[in-house]
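Subject: Structure handover

Hello,

Here is the structure I said I would pass on. My notes on it follow below.

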Amino acid sequence: MPLNKPTICVLGCGTMGIAIIRGTLDSITGSTSVQSSPKIPHATAVTSTTGESEEAEDLLRPAGFIACVSHQESAAKLKKTLGDQVKVLHGTAGNVQGVNEADVILLCTKPQVAKAVLSAPGIQEALTDKLLVSICAGVTIEQLQSWTTPTTTVIRAMPNTPCKIREGMTVLSCGPNTDAQSMSFTSNIFSTLGRCRILDEKHLDAVTALAGSGPAFACVMLEALADGGVMMGLPRDVATELAAQVLQGAARMVLTTGAHPAAIKDSVTTPGGCTIAGLLTMEDGKIRSTLARTIQEATTVASTLGRDKK
Ligand SMILES: NC(=O)C1=CN([C@@H]2O[C@H](COP(=O)(O)OP(=O)(O)OC[C@H]3O[C@@H](n4cnc5c(N)ncnc54)[C@H](OP(=O)(O)O)[C@@H]3O)[C@@H](O)[C@H]2O)C=CC1
Ligand SMILES: O=C(O)[C@@H]1CCC=N1
């Protein structure tokens, strides 16, 4: 599928649509940067850098964005949020116009409305010979293909909210007939928004739980650590800053040195010291089991999100 400086239509431009547009626009203007020299490498399969010249990568950069929402009030808010760089449309007619005017369509509605949005009059025709990338949790490639015609190329993606600041984690899965240029384009877009991997679709519910929902789980841990600091007398803003920087620092040590998390934990833990006292308290609270079961439960629910409600 030829994709030279494509226009992208975000169908359902809410939290995630805005995060993806914001991050991509920032990547074009160079406002924020993705981490450099990671020990744990970025995308494991097709990436924008695989044998492609800078010129070829430049051609894969989007020429513009169209953002579609359901309600007029949301459209008015979105115009204020995204400014003049993005064309904002609303309603069913807006969806058809947006898909018609674009080369690549990012489906970012809630999973429950994905089928209705793709089955609306005019959408299937407008999607002819175009690339559809869906970020809808639990909606399978098979479902997406059944709601479109064989002329539409389908890719499933699972990004997360830190894409907004280009610190995202995205996993892509492709259908049996996905061409290399569509995969390369999609991988290129999400690699500029953070890290991007390509995995078999069977992993996507677990990915949704760990990486898609993960920022919420991480923020609960962050808030709880800060609460502990507040309990011991630290001002709230200081406690929050410390907790956030600690989580970021520890995570970056894993990503940049490739060290096992247990080795980093051991290096902090002085025999008879305060860290081991805290660690044993965590173990008494079954924190490892609680966090692992959190991912297990969220994976189970993610697998149901694309199903029709009875
Ligand atoms: N939130 C997250 O962290 C993540 C979410 N996802 C997935 O991303 C998708 C979007 O989630 P999120 O951004 O949180 O959801 P939001 O509720 O923030 O956004 C959904 C958007 O869809 C629009 N919409 C609803 N119905 C239609 C329609 N018929 N036509 C066009 N637009 C429509 C809404 O417009 P209006 O406001 O006018 O109703 C809204 O802008 C979901 O499928 C979710 O599974 C994936 C990874 C992470
Ligand atoms: O909670 C949800 O269903 C979505 C999917 C991943 C993050 N948010």
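Helices (H or I, at least four residues) and strands (E, at least two) are DSSP runs, numbered from the N terminus. This is a predicted model, in which local features need pLDDT of at least 70 and side-chain atom pairs count only at pLDDT 80 or more, while totals for chains, interfaces and linings use all residues. Residues are numbered from 1 along each chain as its sequence is written, and chains are lettered from A and ligands numbered from 1 in the order in which they are written.

Residues 201-303 are 82% helix and 0% strand, and the end C-alpha atoms of the span lie 12 Å apart. An unreviewed UniProt entry annotates residues 201-303 as "domain: Pyrroline-5-carboxylate reductase dimerisation"; such annotations may be inferred rather than shown by experiment, feature names are shortened, and positions are in the numbering used here.

Ligand 1 is surrounded by 27 residues (C-beta atom, placed from the backbone, within 6 Å). The closest are Gly12, Gly14, Ser70, Ser74 and Ala137. Helix H1 (15-29), E2 and H5 each supply at least two residues of this shell. The shell divides into 14 nonpolar, twelve polar and one charged. Here Ala, Val, Leu, Ile, Met, Phe, Trp, Tyr, Cys and Pro count as nonpolar, Asp, Glu, Lys and Arg as charged, and the others, Gly among them, as polar.

Around ligand 2 are Ala137, Thr208, Gly212, Ser213 and Leu305: two nonpolar, three polar and no charged.

Under "binding site", the unreviewed UniProt entry lists Leu11, Gly12, Cys13, Gly14, Thr15 and Met16. Leu11 is in strand E1 and is buried, with 27 C-beta neighbours inside 10 Å. A residue is buried if 20 or more other C-beta atoms lie within 10 Å of its own, exposed if 12 or fewer, and partly exposed in between; C-beta atoms are placed from the backbone. Gly12, in the loop between E1 and H1, is also buried, with 21 such neighbours. Leaving aside neighbours within four places in sequence, Gly12 is in contact (C-beta atoms, placed from the backbone, within 7 Å) with Gly17, Cys68, Leu107, Cys108 and Thr109.

Helix H4 (residues 91-101) has Gly94, Asn95, Gly98 and Val99 as its buried residues. These fall within an arc of 125° seen down the axis of H4, so they line one face of the helix; the arc is that of the directions from the helix axis to the C-beta atoms. Among the elements they pack against are strand E1 (7-11) and helix H5 (111-119).

Regards

Key. Contact = placed C-beta atoms within 7 Å.
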